[in-house]
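Thanks for making the time this morning.

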Amino acid sequence: MSKTLTQQIIFDLDDTLVHCNIYFDQILDEFTELLSGWFANTGITAEEIRAKQIEIDIAGVEQIGFISTHFPQSLIETYRYFSQLLGLEAGVAQEEQLMKLGMSVYDREIEAYPGMTQTLNLLRSQGHQLHLYTGGESVIQQRKIDQMRLTDYFEERIYIRRHKNEDALEEILTSGPFDRSRTWMIGNSLRTDIMPALSAGIHSIYIKRPNEWSFNLVELKHDTKSEMYTISALEEIPSVIANKLSLSSYSGVKHSAAFSN
């Protein structure tokens with residue numbers, strides 16, 4: 001494949017190539033059931049518990065980024081909030097239990113999304129250069145990468161950042177041999193994958209996942225010439241890119257840059 005046709009394709013990891021949110025949802029179900037029992041007959045509902053945890057969780061991620069202790073700490077802060085609201089003293093044993101529960105999410109066995117291996121193999125066989133860009137702590141993210149043997153596809157082109165935002169993506173693009181006219185960002189997060197890509201002037205493919213984490217949902221606006229495509233499965237990616245290269249219209253859903261959820 002000529003250099004003109006070879007694309008530089010940057011993949012997100014969590015909930016793009018491998019499952020992530022389902023494990024947090026499982027823990028949150030346990031957490032909500034636990035607090036509902038602790039605060040039984042107080043009028044506190046499961047919906048209120050989940051809403052407060054989401055509020056605390058998102059505020060923390062925006063401030064400190066993707067660090068492992070933040071999620072269990074959001075469980076503890078939610079417990080403290082309702083304890084104070086009810087005039088109760090938060091218990092040390094309960095907080096230790098919540099910390100252990102929250103940290104257990106990182107011990108779950110990782111499962112790939114359908115079509116991951118086939119899609120990466122096809123894109124690699126077509127001569128495209130694959131990159132991996134993920135947010136979180138290096139030890140945790142590297143464990144997922146090793147488990148899925150993703151270095152077979154991405155080699156040394158792996159970037160792990162505590163924050164995933166416009167500055168982080170720009171640093172990656174400017175420090176590497178990227179040609180923005182043939183660079184793609186592929187991910188499930190409008191906030192951390194697609195919005196920075198549009199700002200950077202590269203193409204993007206948004207994989208819309210059901211029951212998306214509310215942190216990832218934002219309204220997109222930009223005025224660059226980069227294009228954004230929306231799909232629902234990894235297997236659709238090669239055809240999107242191939243059709244773009246052949247200048248034919250994509251048969252799926254193509255959005256302009258102005259996008260709201």
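Let me start with Leu150, which, leaving out residues up to four places away in sequence, touches Leu13, Met116, Leu120, Leu132, Ile145 and Glu155, where contact means heavy atoms within 4.5 Å. By nonpolar core I mean buried Ala, Val, Leu, Ile, Met, Phe, Trp, Tyr and Cys residues joined through side-chain atoms within 4.5 Å, and buried itself means under 20% relative accessible area, with exposed over 50% and partly exposed in between, using a 1.4 Å probe and protein chains only. As background, nonpolar side chains in soluble globular proteins tend to be buried together.

A word on provenance: this is a predicted model, in which local features need pLDDT of at least 70 and side-chain atom pairs count only at pLDDT 80 or more, while totals for chains, interfaces and linings use all residues. Residues are numbered from 1 along each chain as its sequence is written, and side-chain values use heavy atoms, with hydrogens and water left out. The mean pLDDT (the predictor's confidence in each residue, from 0 to 100) is 88, and 87% of the residues reach 70 or more. Over residues 248-261, however, the pLDDT is below 50, although this stretch has 34 contacts in the model beyond near neighbours in sequence.

On the overall layout, the protein has 10 helices and 7 strands, taken as DSSP runs numbered from the N terminus, with at least four residues of H or I for a helix and at least two of E for a strand. Of its 261 residues, 48% count as buried.

Now to strand β5, residues 203-207, where 5 of the 5 residues are buried. His203, Ile205 and Ile207 point one way from β5, whereas Ser204 and Tyr206 point the other way, and in a regular strand the side chains do alternate between the two faces of the sheet. β5 pairs in the parallel sense with β4 over 4 bridges, and it is also joined by 4 bridges to β6, residues 228-231, again running parallel; two strands pair if DSSP finds at least two bridges between them. Tyr206 stands opposite Gly187, and its bridge partner in β6 is Thr230.

Which residues outside the strands deserve a look for their backbone angles? Asn41 has a phi near 65°, a positive value in a residue other than glycine, and Arg149 has a positive phi of about 55° although it is not a glycine either. For context, most residues other than glycine have a negative phi. Asn41 sits in the loop between α1 and α2 and is exposed, at 86% relative accessible area, while Arg149, in the loop between α6 and α7, also counts as exposed, at 57%.
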